[in-house]
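Please keep the sequence and the structure in view while reading.

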Amino acid sequence: MAVSPHLRPWLLLLLAASVTSMQLPKFEDTEDSGTSSNFQGELVLDLAPDPDESVMHSADGPSFCVIARVTTADLPYMESFLRHYSRLGVNTIYLFNDGLLEAKHADVVQYLQALRMTPSTTVKLLSFKEVKHDDPVGTADLLPLLKEDYVINVDADEFWILPKNISSLPNLLREHPADIYFMRWVMVVDDDMQSAIEAPYEGTVGFPGKWMANLSMIPRDVYPRPFGHHTVPLRLEYMHPVVYGDFTYGIPIPMQTWSVLGRPLPPAGAFEPGYMAHFWGRSFSDVFLKIALRGEGQCQPLSEYNTQIDQRLATLAFLSLNKKMPVKVDVNEDMFKPDLELELKLAVKAACEKDEATALASLRQFHENYLKFKQDLSELMDQGSYPNMWPSTALTQSLMGTSVTDWLHSLPLNITA
C-alpha cells in the first residue's frame, strides 16, 4: 500500500501552534534503579504447544517483543492476535493492564492460560497499579521490564501486515535495517452481530498508525506526547534515527526546534514496512462489549439504553460505510479466527438482563437500532456529508472541529457522548 509522505492538511492547523523555543523534555534513566511500586508482578504463561504451528525463531540477530493491553473484551480474539505476531517472528508478547493478576481479572488470566502457542514465543502477563490507557508505552515501570531489541507498540485489535516480499521481522531487519518503522492504519470493521468477516478483508486507509522501534532509543521515563502512543518517544541523544514509514513523528519540514507534534523524523527512503490492519470493530458484539465493560461498578441492563447510539457505535457505522482510499487486506485465511462461543457468552453476560433469552432479545434490538442509525448516516453521506479531512485527521479525538468525531456530532443524528 503506497501512502504519500507529503505534508497533510491537518498539520497546517497545528503548524501555527509550533513552539519555537520549547524546552526539551527532561527525564532520568531509571534503568538501573529498580522498579517502583507501580509494577505489581508478572506471570509467564506455560501454554500448550500448537500442533499446527511450527515457527522457530533464530537465536541470531535482533529480538522482538510486542506490548499490548488486554481486557475481557479482547479475549475472543486473543488467540488470533498471539498467533499472528508469533508467525512474524516475535520472541516475547507482553500483555498487561492495571491489576491484571488480581482476582478481578481472573477470567482473563484463566482464558489466556488455556490457549495454545508456538513454543518459540513467550507470553508474559504484567500487572500494574496504573496503566496509561492513551499511551501504554508510557506506563511507569513497563519499559525496564522489556529485554528485547525492538518493541512493537500495538493494541490487541491491530495486526501488522508486512510487505508481500517480506516474510518475517528478521527478514525485514536484514533487507531494510532501521531504528523505527511506522505502519499506517488500514481500518477493517465488521458490524454483524457476531464476527463473520473472512479474508481477504476490505479495508480503507486510516489515521494515524502504530510503530516498532529500537528499544535502546526510548527513554525509560516516557514524556507526554500529542497523539500519545501513535508517536515514538526518543532519548535526546538520538536525534537522527533511521526511519521507514509515514509522517506521524512530527511536521515533516526542516525545523531547528520541536513542534507540538514532536521531533521531525523524515523517512530514510520510499520503502514502506507494510501497514497496520486495525480491526476497529471485530463485530457488533465486540463494540458492545467495549461500551458495556468500560465502567466499574454494577452493570446496567441493556434494555435501559439500547435505543442510544453513542460515539463509538456512530464511528463503527461511519467506518463500515466509508469507501474512500480502499485497501484489500490479502492475508492467510486463518489470520483472524475469533472464539465465537465466548464472544456471545460475554455479550450475553454484559447485557446484564434477568436471563439469557432477555439478554439475546436486548442485543438483537440494539443491533437493529444501530442498523437504523447506520441507514440514516448512509443517506447523509450519499447527499455529500463527509469528514473532509479524513483520513488525515483524528478518528475519535476531538480536534478543533476537524476529526471524524467532530463531524459525527455535527450531524442531526442525536449521538450520545
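## Strand pairing

Strand 3 (64–69) and strand 7 (150–153) pair in the parallel sense, over 4 bridges. Pairing requires that DSSP finds at least two bridges between two strands. Helices (H or I, at least four residues) and strands (E, at least two) are DSSP runs, numbered from the N terminus. F64 has Y150 of strand 7 as its bridge partner. This is a predicted model, in which local features need pLDDT of at least 70, side-chain atom pairs count only at pLDDT 80 or more, and totals for chains, interfaces and linings use all residues. Residues are numbered from 1 along each chain as its sequence is written, and side-chain values use heavy atoms, with hydrogens and water left out.

N153 stands opposite W211 of strand 10. Which residues of strand 7 point one way, and which the other? Y150 and I152 share one direction, V151 and N153 take the other, and all are buried. Buried means under 20% relative accessible area, exposed over 50%, and partly exposed in between (1.4 Å probe, protein chains only).

Strand 3 has another parallel partner, strand 4, with 5 bridges between them. R69 is bridged to F96 of strand 4. Strand 4 covers residues 92–98; 6 of its 7 residues are buried, so the rest of the structure largely encloses this strand.

## Nonpolar cores

A nonpolar core is a set of buried Ala, Val, Leu, Ile, Met, Phe, Trp, Tyr and Cys residues joined through side-chain atoms within 4.5 Å. The largest one holds 103 residues. Within it, F81, Y85, L95 and W160 touch the most other members. Helix 8 (residues 356–382) gives the largest share, 8 residues. A second, separate core has 26 residues, including L142, I180, I218 and V243. In soluble globular proteins, nonpolar side chains tend to be buried together.

What surrounds W160? Neighbours within four places in sequence aside, W160 is in contact (heavy atoms within 4.5 Å) with H84, Y85, L88, I152, L169, L172, Y181, M183, M212, P273, Y275 and M276.

## The second largest pocket

The second largest pocket has a volume of about 350 Å³. On a 1 Å grid over the protein atoms alone, a pocket is an open set of points where a 1.4 Å probe fits, with protein on both sides within 12 Å along at least five of seven lines; lining residues have an atom within 4 Å of a point. Grid points are joined across faces, edges and corners, and the volume is the space filled by probe spheres set on the points.

The lining of this pocket has 14 residues. H84, L88, I161, V331 and N332 lie nearest the centre. Helix 2 (78–88) and strand 8 (158–161) each supply at least two lining residues. Helix 2 gives the largest share, 3 residues. By type, the lining divides into 8 nonpolar, 3 polar and 3 charged residues. Ala, Val, Leu, Ile, Met, Phe, Trp, Tyr, Cys and Pro count as nonpolar, Asp, Glu, Lys and Arg as charged, and the others, Gly among them, as polar.

## Backbone features

Two cis peptide bonds deserve a look. One joins A199 and P200, with omega about -5 degrees. Another joins F207 and P208, with omega about -10 degrees. P208 belongs to strand 10.

D141 is not a glycine, yet its phi is positive, near 80 degrees. D141 lies in the loop between strand 6 (122–128) and strand 7. D141 is buried, at 11% relative accessible area. M325, also no glycine, has a positive phi of about 55 degrees. M325 lies in the loop between helix 6 (311–321) and strand 13 (326–329). M325 is partly exposed, at 36%.

## Two further sites

D74 lies in the loop between strand 3 and helix 2. Is D74 buried or exposed? At 9% relative accessibility, D74 is buried. Beyond four places in sequence, D74 contacts R69, A156 and R282.

P49 is in strand 2 (residues 48–49). P49 is exposed, with a relative accessible area of 54%. Residues up to four places away in sequence aside, P49 touches R116, M117 and P119. P49 and T118 are 69 residues apart in sequence, but 5.6 Å apart in space, C-alpha to C-alpha.
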